[in-house]
Amino acid sequence: MSKKMMFALRAGAVVAASMVTVLAAQAGEVEVLHWWTSGGEAKAAKSLQATLQAKGHSWKDFAVAGGGGDSAMTVLKSRVVSGNAPAAAQIKGPSLQEWAQEGVLADMSDVAATNQWDKLLPTVVGNIMKYKGKYVAVPVNVHRVNWLWANPEAFKKAGAKVPTNWDEFFAAAEKLKAAGIIPVAHGGQNWQDFTTFEAVALGVGGTEFYKKALVQLDQATLKSETMTKVLTTFKRVKSYTDKNAPGRDWNLATAMVIRGEAGMQLMGDWAKGEFISAGKKPGVDFVCTAAPGTAKAFTFNIDSFALFKLKNEANVKAQKDLAAAVMSPEFQEVFNLNKGSIPVRLGQNMDKFDDCAKQSSKDFVETAKTNTLVPSIAHGMAVSSAAEGAIKDAVSNFWNSDRMTVAQAMDKIAAAARTK
Ligand code: BGC
């Protein structure tokens, strides 16, 4: 080897070594609590991990299985109480305010200002992420909850039409049943029951009823004629689910639709992540359509990461890098393509997204204008966590009971809505 080459090699080694030192000096660890453990969800979570690692930081996975996140929230509480909060945790809606009031969330104003979050986020969304005017969380996506997923093969076999209202829904369910197909794939947690319940409330009662009853928790509306209709329709859906639904995870219910064992599922668009991850094509292997009677409304569920106060400087740097990366157009695209949701960042290019996502994106904007964009209770976007838990339990008790009458259910739900 020539002297010149030796010199060049040595110089290269010195540069490389000093780069490693720089990276090591800045590298931190980010522990992230989430509940994204199903096929599609895990792919989306991996894209977040890769984004962070590309910045030289290390990722400590804190996944707590359980759709809807109830188990994750229980684990989070005990970690924070013991003074050992993760850097970021999947927390949403009004719960963000509850956590911020405890004084445990970090101020991300500098990251938000540098990256212009105020300009890039719809005002409604920005406000959810702020506590006393300061960003304490970063949004990841917008999920639409009021979807119906259908297997076109199963519908063809049954001679049924994908429903657009509740009468058509029950007509299709009868036909699927007659063809030996489970009409409705359903699972067994209270948030799954409530996902169906809020779709029925929106479809049968309309957006004004939905807002008064389930967002403002107005007692008279919760005990109205319309509520009777909603509860009766909701319970009727149950007769088209199978006996093994109790205890079943939502993604296993989606898998039944993917296989054609079941005809349809009422579920948010994280279900699309499962179809996609199983290699299925929208419009060909599966159909996405608004839940019956809700085409002109949009029930939103925005995933976000609350950022906790940390002591270690390198970890604070890593946490801020994570917050900035989550809002970048590159991350918004790759994450949401896997997750089934749409980007939360305004003006994002949707070319790579499928028709379900494009529809969702269009409807998100439209319904915001017509005031028919409503928060999902089932997914923690509408009311306090205490009221949400109590109402969910009341609705599930009714779903699971063979004896409770509609009138009794109505009283229980109205009483639960008073929980502070
Ligand atoms: C979350 C989604 C998640 C779903 C099922 C929802 O509450 O917002 O991100 O995929 O629960 O676990």
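Figure 1. The model is predicted: local features require pLDDT of at least 70 and side-chain atom pairs pLDDT 80 or more, while totals for chains, interfaces and linings use all residues. Residues are numbered from 1 along each chain as its sequence is written, and side-chain values use heavy atoms, with hydrogens and water left out. Strands (E, at least two residues) and helices (H or I, at least four) are DSSP runs numbered from the N terminus; two strands pair if DSSP finds at least two bridges between them. Strand 8 (residues 147-150) pairs with strand 10 (residues 262-266) in the antiparallel sense over 3 bridges, and Trp 149 has Gln 265 of strand 10 as its bridge partner.

**Figure 2. A disulfide joins Cys 288 to Cys 356.** A search of the whole structure finds 1 disulfide, defined as a pair of cysteine sulfur atoms within 2.5 Å. The S to S distance of Cys 288 and Cys 356 is 2.2 Å, and the link is left-handed, with -105 degrees about the S-S bond. Cys 288 belongs to strand 11 (residues 287-290) and Cys 356 to helix 17 (residues 355-370), so the pair ties together parts 68 residues apart in sequence. Cys 356 is buried, with a relative accessible area of 3%; buried means under 20% (1.4 Å probe, protein chains only).

**Figure 3. Both faces of strand 7 (residues 141-144) are covered.** Asn 141 and His 143 on one side, and Val 142 and Arg 144 on the other, are all buried. Strand 7 pairs with strand 14 (residues 342-343) in the antiparallel sense over 2 bridges, and the bridge partner of Val 142 in strand 14 is Ile 342. Strand 12 (residues 298-301) also runs antiparallel to strand 7, joined by 2 bridges; in strand 12, Asn 301 is the bridge partner of His 143.

Key
Buried < 20%, exposed > 50% of the residue type's maximum accessible area, 1.4 Å probe, protein only.
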